[in-house]
Amino acid sequence: MNRTGTDRGLSAVIEYIDDSMAFEPSSYNESYLDRRISARMRRTDCSAYTGYLDVLSTDGDEREALLDALSINVTSFFRNPEVWERLRDVLRELTASKRTVQCWSAACADGREPYSIAMLARDDPEIREQSVEITATDIDAEILETARAGVYESTRTTDIESQLASLSSPAKHVDIDGDRSFSIRPSVKRMVSFEQHDLISGPRKRGYDLVLCRNLLIYIDRSYKEPIFGTLTSALNDRGFLTIGKSETLPHSFREHYEAYDRGAHIYRRD
């Protein structure tokens, strides 16, 4: 099949990323890659892929900026609050029946999802906080450093009070520094362990009662979704819970492994 000049230009940039940067573009669909690359091209006043490729090959700062743009790190605290209300029920059920509840936030980005789990466990009197242990992973080492620090600029978080509205006392969990930034309190940070992990090629995990992998799969190439679901499914204990994004679906080949706990919230239980 003949490719247009535009297609060849994009392919050349993607090939450069694959060969020269700490990122595996083959896992992601081309339209996602093109959107992120095009956004960086506009920021650097490049109108053609060939020109942007020249910038990448000579400008280390731009390579870092592109890597950050390609990494999927858009998130918020308690994203889709109705889902978190059902996760509240899940944590209540798990902590009522198990001495230790192992949670995994996969593709955790800058840490807001695992910290949301921790804050929910600490805030709800019907959840045994001391039972909840949280592992959070991401492929991006730099974004994990941001997550471990637990300090967020207000300019990147819209209306923090609204995001934490489901908590009875948000001030127990975060320190707000005027209107500039806020930080996660140490008591919350102690509940979360961060580590680098690749969902496709990384080692399989085991022994989790709740796995969250939300809003990653919509960006992933179809051929890689089944391996990722294999990783997530093998990580779950029998009758463990899996939560995916509201725009995502279970692959047909994995549907027999799950029953719907709340189909609208996209929470499933391993059957």
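Predicted model: local features only at pLDDT ≥ 70, side-chain atom pairs only at ≥ 80, totals over all residues.

Trainee: Okay, so which residues of helix α3 are buried?

Mentor: In α3, residues 49-58, you'll find Tyr 49, Tyr 52 and Leu 56 buried. They span an arc of only 60° around the axis, which puts them on the same side of α3.

Trainee: Switching to strands. What's the order in the open sheet of 3 strands?

Mentor: The order is β3-β5-β4, with antiparallel pairing. β3 (151-153) and β4 (174-177) are at the edges with a single partner strand each, so one side of each has no neighbour in the sheet. On average, neighbouring strands are turned by 20° against each other, ignoring direction.

Trainee: How many bridges join β4 to β5?

Mentor: 4 bridges, with β5 covering residues 181-184. Asp 177 stands opposite Ser 181 in β5.

Trainee: Now rings. How many aromatic pairs turn up in the whole structure?

Mentor: The search finds 8. One of them is Tyr 152 with Phe 182, stacked at 5.6 Å centre to centre and 25° between the planes. Tyr 152 is in strand β3 and Phe 182 in strand β5, 30 residues apart, so the pair links distant parts of the chain. Tyr 152 counts as buried because its relative accessibility is 2%, and Phe 182 is buried with a relative accessible area of 2%.

Trainee: Which residues do ring pairs link into a cluster?

Mentor: Phe 77, Tyr 152 and Phe 182. Another pair is Phe 241 with Tyr 261, edge-to-face at 5.0 Å centre to centre and 85° between the planes. Phe 241 is at 0% relative accessibility, so it counts as buried, while Tyr 261 at 23% counts as partly exposed.

Trainee: What lies over the face of Trp 104?

Mentor: Lys 205, at 5.8 Å from the ring centre.

Trainee: Last topic: how many disulfides are there?

Mentor: A search of the whole structure finds 0. For Cys 108, the nearest cysteine sulfur is that of Cys 213, 11 Å away. Cys 108 has 1% relative accessibility, so it counts as buried.

Definitions and conventions. Residues numbered from 1 in each chain as written. Heavy atoms only, no water. Buried < 20%, exposed > 50% of the residue type's maximum accessible area, 1.4 Å probe, protein only. Helix = DSSP H or I, 4+ residues; strand = E, 2+ residues; numbered from the N terminus. Arc of directions from axis to C-beta. Pairing = 2+ DSSP bridges. Axes fitted to C-alpha atoms, helices over the stretch in contact; angles between N-to-C directions. Disulfide = S-S within 2.5 Å. Phe/Tyr/Trp six-rings, centres within 6.5 Å; stacked < 30°, edge-to-face > 60°. Lys NZ or Arg CZ within 6 Å of the ring centre and 35° of its normal.
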